[in-house]
Amino acid sequence: MGEVLTIEAPGRVSLAEEKLPEVPEGGFRVATAYSGVSAGTELTYVKGDNPYLNATFDRELGLFVPGTPSIEYPVRGIGYMQVGLVVETRTTAVREGARVAMAYGHRTAYVADPLTDRFVELPEDLDPLLGVYVAHMGPICANGLLHAAHDLYGPAARRLGDGVHGRRVVVVGAGVVGLLVACFAMHGGAAEVVVVDETPARLEVAAALGADVLTASHDDTDDDTDDDPAVTLKRRWRHGPQDRGADVVFQCRGRARALALGLRLLRPQGTLVDLAFYTEGAGEVRLGEEFHHNGLSVRCAQIGRVPRGLAHAWDRERLSYETIGLLREWGPRLRRHLVTDVVDFRDAPLLLGDLAARRRQSLQAVLRHEVEEEGG
């Protein structure tokens, strides 16, 4: 038997027993060691504002349409940042004792089929806790960099950092996605990387990781241009007459005001690569202002797709490989500054409830489970 995180209804999170199937021929079983919590996507299920809970997503049409929700309560096994130890294997695809990164949801154990379940074996020199980023979260962020490279070079893009190398970059939002994107940009040779956020504590983390930082105002009515990040950076970054601002902006915060700020930060004909997940309206995005007058572009970098024309060369495996390369260089800093909470798996319901209700603040929370409990 194992346990799986279950959201019974908005605000109601629990652990439920889960019977594991026998390991079939060609399959393997993992015992979870670490399971990373996404304080964005996962909490939308706890709060009840995920769009899948209120509409049907027609994948063929690519549309949300009224009807039976695509996902209904109870929601089981959310989560996409798992690291497990292979404790039983009946396949030559993976050896017993290997540590693997996967995305099978918050559960203490899982039986996998190599033909349908994606896994990435972690190298011995990598902190296994940071392996939570290898299967899915790291590729999400790397895909943002890939979209910037494609925007500049099209299908001729060769390296992940092609879109940021030697360029001035802004990252809006200093959550986990924004901070990893900032590290990828620095890793890729950006001339400057500035992280903009409203929360001083998060900006301290960005600065500790090596980025420059600016504070975004909470108050949309604040007319003090000296405190406006767009004014500050456009005074600082000049490309030519009437050509000032960031070469590329990565928008990593799911708030309309963050998207509006990102557009204001761009140089004329610049591109904003959007990695955010918006669950509310976007009335603050004033398309008649900078977006229209500066000829800007917005590109959604969603992990379900790499840029058009690059799928043959940039699959999820390559994005995971790039993530491992980043973690090898930045791992100690990320472990020290980004991972703020490591809690026992049994305390997961309390953690998610507190995060959703804003009783607790966290950057990256990781659930820890003792593999020995699985008998491995």
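Helix α8 bends by about 75 degrees at Trp-330, and a proline, Pro-332, follows within four residues. The bend at a residue is the angle between axes fitted to the seven residues ending there and the seven starting there. Helices (H or I, at least four residues) and strands (E, at least two) are DSSP runs, numbered from the N terminus. The structure is a predicted model, in which local features need pLDDT of at least 70 and side-chain atom pairs count only at pLDDT 80 or more, while totals for chains, interfaces and linings use all residues. Residues are numbered from 1 along each chain as its sequence is written, and side-chain values use heavy atoms, with hydrogens and water left out.

Helix α8 covers residues 316–337, and its 22 residues place the end C-alpha atoms only 26 Å apart, short of the 32 Å that a straight helix would reach at 1.5 Å a residue. The expected span is 1.5 Å times one less than the number of residues in the helix. Among the buried residues of α8 are Leu-319, Thr-323, Leu-327, Trp-330 and Leu-334, where buried means under 20% relative accessible area, exposed over 50%, and partly exposed in between (1.4 Å probe, protein chains only). An α-helix has 3.6 residues a turn, so residues three or four places apart point the same way. The buried residues of α8 pack against β10 (120–121), α2 (137–153), α3 (176–187) and β19 (339–344).

Because Arg-335 lies in helix α8 and Asp-127 in the loop between β10 and α2, the pair ties together parts that are 208 residues apart in sequence. Arg-335 is partly exposed, with a relative accessible area of 31%, and Asp-127 is likewise partly exposed, at 30% relative accessibility.

The structure holds 23 salt bridges. In one of them, the side chains of Arg-95 and Glu-121 meet at 3.3 Å, N to O. Arg-95 lies in the loop between β7 (82–89) and β8 (99–102), and Glu-121 in strand β10, so this pair ties together parts that are 26 residues apart in sequence. Arg-95 counts as partly exposed at 41% relative accessibility, and Glu-121 is partly exposed with a relative accessible area of 35%. A further salt bridge joins Arg-236 and Asp-212, whose closest N and O atoms are 2.8 Å apart. This pair links distant parts of the chain, with Arg-236 in helix α5 (residues 229–236) and Asp-212 in strand β13 (residues 212–215), 24 residues apart. Both residues belong to a network of salt bridges that links Arg-168, Glu-192, Asp-212 and Arg-236.

The interior was examined next. A nonpolar core is a set of buried Ala, Val, Leu, Ile, Met, Phe, Trp, Tyr and Cys residues joined through side-chain atoms within 4.5 Å. Of the 68 residues in the largest nonpolar core, Tyr-133, Met-137 and Phe-250 touch the most other members. Helix α3 gives the most to this core, with 10 residues. Contact means heavy atoms within 4.5 Å; leaving aside neighbours within four places in sequence, the contacts of Phe-250 include Leu-145, Val-164, Val-171, Val-181 and Leu-275. A second, separate core of 21 residues includes Ala-216, Trp-237, Ala-258 and Leu-261.

Helix α9 (residues 348–356) is largely enclosed by the rest of the structure, because 8 of its 9 residues are buried. These buried residues include Leu-351, Leu-352, Asp-354 and Leu-355. Their cover includes β1 (2–9), β2 (12–18), β3, α1 (41–47), β19 and β20. Just after α9, Arg-358 takes a positive phi of about 60 degrees.

Strand β3 (residues 28–37) contains Ala-33, which counts as buried at 5% relative accessibility. The C-alpha atoms of Ala-33 and Gly-84 are separated by 5.1 Å, although the two residues are 51 residues apart along the chain. Not counting residues up to four places away in sequence, Ala-33 touches several residues, including Val-83, Gly-84, Arg-99 and His-369. His-369 is found in the segment after β20 (364–368) and counts as buried at 9% relative accessibility. The side chain of His-369 reaches the backbone oxygen of Thr-32 at 3.0 Å.

Terms used: Salt bridge = Lys/Arg side-chain N within 4 Å of Asp/Glu carboxyl O. Polar contact = N/O pair within 3.5 Å; in protein donor to acceptor, adjacent residues only side chain to side chain.
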